[in-house]
Amino acid sequence: MKNRIDPFWGIHYHNRWFYYFQNFVKLGWRYDLRFKIAAKYIRPGESVLDICAGPGQLLRYLPSGCRYECIEASPQFNALLRRRGIPSRELDLHGGITVGDLNADVVVMIVSLSQFRNSTM
């Protein structure tokens, strides 16, 4: 049995449709409010690094001219991001992250911070 802190433990990291469904069940019709709130603090033209980006939903809410890049632990979401032409790095954040990994004007982690209780992050 996998440790619950393992980033690949949940089915929502393996199936984007389950991910969307789970978020809709949890958040209802306002599931995108978190992206709208984050985007209000980002200026046009800024570079944005989305940590634990999932399928990259923040991108569609960003102001024009922003450069969007992701760090994501899930190989399935990384493949999806790359198919969409979104630059993405596969990185297990439970092992920690360095300041050099955070090269952007704005760094966001919208929901996933609560999953890092026992990490070196």
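This is a predicted model: local features need pLDDT of at least 70, side-chain atom pairs count only at pLDDT 80 or more; totals for chains, interfaces and linings use all residues.

Colleague: What elements make up the secondary structure of the protein?

Modeller: There are three helices and four strands. Starting at the N terminus, their order is α-α-β-β-α-β-β.

Colleague: Why is C66 called buried?

Modeller: Its relative accessibility is 17%, and buried means under 20%. The value for C66 falls under that cut-off, so C66 counts as buried.

Colleague: And what makes C70 buried?

Modeller: The same cut-off of under 20% applies. C70 has 0% relative accessibility, so C70 counts as buried too.

Colleague: Which residues of helix α3 are buried?

Modeller: In α3, which spans residues 75-83, they are F77, N78, L80 and L81.

Colleague: Why do you put them on the same side of α3?

Modeller: Because they cover an arc of only 160 degrees around the axis. In an α-helix there are 3.6 residues a turn, so residues three or four places apart point the same way.

Colleague: What follows α3?

Modeller: That is G85, with a positive phi near 80 degrees.

Colleague: What share of the whole protein counts as buried?

Modeller: The protein has 121 residues, and 40% of them count as buried. As for the accessible surface, the total is about 7,500 Å², with 56% belonging to carbon and sulfur atoms.

Conventions. Residues are numbered from 1 along each chain as its sequence is written. Side-chain values use heavy atoms; hydrogens and water are left out. Buried means under 20% relative accessible area, exposed over 50%, partly exposed in between (1.4 Å probe, protein chains only). Helices (H or I, at least four residues) and strands (E, at least two) are DSSP runs, numbered from the N terminus. Accessible areas come from the Shrake-Rupley method with a 1.4 Å probe; for residues, only the protein chains shown count as cover. The arc is that of the directions from the helix axis to the C-beta atoms.
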